[in-house]
Amino acid sequence: KAINEGIPKEVQFKTKNLNIWTDSSMAWLNDETWMKCSGVVPDLTGKLCYGGLDLAATEDTNAFTLIFPKQEGLETRCSLHYFWLPEEVLNKKTEAGDYAQWARDGFIKTTEGDVMDHRFITKDISDTLTKYQVKAIAFDRYLAYHGVVQELMDEGAPMVQFGQGYKDMSPPTKEMGKIVKSGELRHGGNPVMRWMVGNVVITMNPAEDIKMDKSKVQNKIDGPVSMVMALGMEMAKPDIEDGGSIYDSGEVIL
């Protein structure tokens, strides 16, 4: 049960059954578990999906994930992952990830210079809106005035503010762990996402809520964060389909 139900149950088992002290921050999904879901992603054109956008400062990685729930013609959840980085910043990267190779292989898109061109990201995301049925795109509410967010809003994209605390992040983070461990996902084996999932550290509060902790890791986790946000949108879909009234306050309620 501890293995299958995720970190809260694992911590509870270790502390209460084995009397083993655990830190408040813990590694999350191992590579073998993640890669068991790396099957080929089918053609998703026209399929319904939900997005999560994790924007960085002008000189760092930006990540966007689309989650496609089970639906007609799709037997399991699927995910697509997008990453952007300024070219000069990519060349200076000293982290463990093989940024240069990923860029050559097309898994990271770059723009000239040392500052990210917001228009580049906006166009790529706008293209997904014409290819898929994107019902909502979550973004960090503290980045409401970020150039990408403003440009997408101006184009009519379904942008939704999403908190980064335990309240909003815990349910979809637990859901992500659940679907990966059960094999109910196809992500195609994107190498950038694979590396970032391996970097994730989870923290848990006394109420057993969990979230990814950026302050606990040296390497990047933007991709997994964007995926959790997309799952948060999928979990809120009844409210979205009822007309989005819960978003009037600017926050997602899960």
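A salt bridge here is a side-chain nitrogen of Lys or Arg within 4 Å of a carboxyl oxygen of Asp or Glu. By this rule the count comes to 11 salt bridges. Keep in mind as you read that this is a predicted model.

| Salt bridge | Closest N and O atoms |
|---|---|
| R77 and E175 | 2.9 Å |
| R119 and D117 | 3.2 Å |
| D168 and R141 | 3.9 Å |

Start with R77 and E175, whose closest N and O atoms are 2.9 Å apart. This pair links distant parts of the chain, with R77 in strand β4 and E175 in helix α8 (residues 166-181), 98 residues apart. Are R77 and E175 buried or exposed? Both R77 and E175 are buried.

Now turn to the salt bridge between R119 and D117. R119 counts as exposed because its relative accessibility is 60%, and the cut-off for exposed is over 50%. D117 has 27% relative accessibility, so D117 counts as partly exposed.

The last pair in the table is D168 with R141, at 3.9 Å between the closest N and O atoms. D168 lies in helix α8, while R141 lies in the loop between β6 (133-140) and α7 (147-154), so the pair ties together parts that are 27 residues apart in sequence. D168 has a relative accessible area of 2%, so D168 is buried. R141 has a relative accessible area of 25% and is therefore partly exposed. Salt bridges can also share partners: in this way D60, K93, E95 and K220 are joined into one network.

Next, find strand β3, which spans residues 62-68. How many of its residues are buried? Seven of its seven residues are buried, and the strand is described as mostly covered. The cover applies to both faces: N62, F64, L66 and F68 are buried on one side, and A63, T65 and I67 are buried on the other.

Strand β3 pairs with two strands that you can trace in the model. Strand β2 (residues 48-54) runs antiparallel to β3, and five bridges join them. One place to look is G52, whose bridge partner in β3 is T65. Strand β4 (residues 77-86) also runs antiparallel to β3, and here seven bridges make the join. Look for F64, which stands opposite Y82 in β4.

A230 and T65 are 165 residues apart in sequence, yet their C-alpha atoms are 6.5 Å apart in space. A230 is found in helix α10 (residues 222-235). With a relative accessible area of 0%, A230 is buried, because buried means under 20% relative accessible area.

## The β9 and β10 hairpin

Strands β9 and β10 form a hairpin with five residues between them. The two strands run antiparallel and are joined by three bridges. Among the partners are M204 and I210, the latter in β10. Both faces of β9 are covered, with V201 and T203 buried on one side and I202 and M204 buried on the other.

Which residue in the turn has a positive phi? E208 does, with a value of about 70°, although E208 is not a glycine. E208 lies in the loop between β9 (201-204) and β10 (210-212). E208 counts as partly exposed because its relative accessibility is 28%.

## Charges at the surface

Finally, look at a negative surface patch, which is formed by E87, E88, E112 and D114. One of these residues, E88, is found in helix α4 (residues 87-92). At 39% relative accessibility, E88 counts as partly exposed.

Another glutamate to find is E32, placed in helix α3 (residues 31-35). E32 has 55% relative accessibility, so E32 counts as exposed. Where sequence and space are concerned, E32 and K181 are 149 residues apart along the sequence and 10.0 Å apart from C-alpha to C-alpha.

Notes: Residues are numbered from 1 along each chain as its sequence is written. This is a predicted model: local features need pLDDT of at least 70, side-chain atom pairs count only at pLDDT 80 or more; totals for chains, interfaces and linings use all residues. Side-chain values use heavy atoms; hydrogens and water are left out. Patches are made of residues with over 30% relative accessible area and no salt bridge: like charges are joined within 9 Å, nonpolar side chains (Val, Leu, Ile, Met, Phe, Trp, Tyr) within 5 Å. Accessible areas come from the Shrake-Rupley method with a 1.4 Å probe; for residues, only the protein chains shown count as cover. Lys and Arg count as positive and Asp and Glu as negative; His and the chain ends are not counted. The place of a charge is taken as NZ of Lys, CZ of Arg, CG of Asp or CD of Glu. Helices (H or I, at least four residues) and strands (E, at least two) are DSSP runs, numbered from the N terminus. Buried means under 20% relative accessible area, exposed over 50%, partly exposed in between (1.4 Å probe, protein chains only). Two strands pair if DSSP finds at least two bridges between them.
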